[in-house]
Structures are given as structure tokens and as C-alpha cells.
Amino acid sequence: MYHQWPLTRYNHAIFYCLQSMHHQGLTAFAITITNLGFYKLVMLFTVVISGVLIIHKNWKTALCLLLSVGLAIVLVGIFKHLFHSPRPSGFTLVKSSSSFPSGHTTMAIVFFGCIAFYSAQLKPCWKKIIYTGTAILII
């Protein structure tokens, strides 16, 4: 199913604006940051961290993390199908798939948000630093 959303018409303009500012170092940095939200990497981290939580008898936190990330993966797939929004042409490193919702962004927000929330519960005095650092990482 294909829907033309009002903001979709700006995709090409934004893409070409960003392309005009292309820099090899920034591209490498952006790819590294983008890969932090890659679903296979997030799932690996989720399973490892959940395993550590289970070993420490923190079942509820492990289950919440697993369910949050798992549900995010499922919902991104459903919404990509429902709201198919093609990517602008010209991407060389990205598969041609729906650009909305962003799987990388969703996974980063869910995974790092959960980790930040649980970390802040363990160290309440560091709450502001943890939330600020996570927000910067996600953005």
C-alpha cells in the first residue's frame, strides 16, 4: 500500500540538501551511529543484557526489555507495510524499502530508552546524566 503523506514531498529537498554537505568523515560517523539502531545488533544486546538480568534474578526487568524490543520490531514491520513511504532515490548504502517509520530510530529509542530507565532506577542520583546522555545518543 502506498500513501503520499504531506511531508513526503520534502524528502528529495532534504536529501539533496544533506548531500550538498557530504563529507567522508561525517558519513562514516553517521553510519556508525545508525548501526547502533540496527535491529540485529539491538536484539543481540537485548538477549545478552536480558541473560545477565536473569542470572541476577531480575526477571521482571529482563522480560520488560525483551517484550519492549520485540514489540517494537513487530510494530515497525506492521507500520512500514501500512504506511509505505519510499525512500528518495540516490541512497547507495540503504536498501530500497519504506522510509517510515525508521526501524533504526525506533530500535534506538526503545532499547536505549529502556536501558536508561533501568539504569536510572539503579542509580537515582545519576538520573539526569543518564537521561541526558541517552537523549544525545538517540538524537
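In this predicted model, buried residues account for 22% of the 139 residues in the protein chain. The accessible surface of the chain amounts to about 9900 Å², and carbon and sulfur atoms contribute 74% of that area. The secondary structure is quickly told: the chain holds six helices and zero strands, giving the pattern α-α-α-α-α-α when read along the sequence. As for how the chain folds back on itself, 57% of the contacts between residues at least 6 apart in sequence join residues at least 24 apart.

Helix H3 (residues 39–55) packs with helix H5 (residues 103–122) at an angle of about 20°, and 10 Å separates the two axes. Because this angle falls under 35 degrees, H3 is roughly parallel to H5. Their crossing is left-handed. On the H3 side, the contact is formed by Tyr39, Val42, Phe45, Thr46 and Ile49, while H5 supplies Met107, Phe111 and Ile115. Sorted by class, the residues in the contact of H3 with H5 comprise seven nonpolar and one polar, with no charged residues.

H5 also packs with helix H4 (residues 59–82), here at an angle of about 165° and again with the axes 10 Å apart. An angle over 145 degrees counts as roughly antiparallel, and H4 and H5 are therefore roughly antiparallel to each other. The crossing of H4 and H5 is right-handed. From H4, the residues that take part are Thr61, Cys64, Leu65, Ser68, Val69, Ala72, Ile73, Val76 and Lys80; they meet Gly103, Thr106, Met107, Val110, Phe111, Cys114, Ile115 and Tyr118 of H5. In this contact of H4 with H5, twelve residues are nonpolar, four are polar and one is charged.

With neighbours within four places in sequence set aside, Phe111 is in contact with Val42, Phe45, Thr46, Ile49, Leu65 and Val69. For Leu65, the separation from Phe111 is 46 residues in sequence, yet the C-alpha atoms of the pair are 7.6 Å apart in space.

Notes. Residues numbered from 1 in each chain as written. Predicted model: local features only at pLDDT ≥ 70, side-chain atom pairs only at ≥ 80, totals over all residues. Heavy atoms only, no water. Axes fitted to C-alpha atoms, helices over the stretch in contact; angles between N-to-C directions. Helix = DSSP H or I, 4+ residues; strand = E, 2+ residues; numbered from the N terminus. Parallel < 35°, antiparallel > 145°, perpendicular 65-115°, else oblique. Left-handed = near helix turned anticlockwise from the far one by under 90°. Contact = heavy atoms within 4.5 Å. Nonpolar A, V, L, I, M, F, W, Y, C, P; charged D, E, K, R; others polar. Buried < 20%, exposed > 50% of the residue type's maximum accessible area, 1.4 Å probe, protein only. Areas by Shrake-Rupley, 256 points an atom, 1.4 Å probe, with all protein chains shown as cover.
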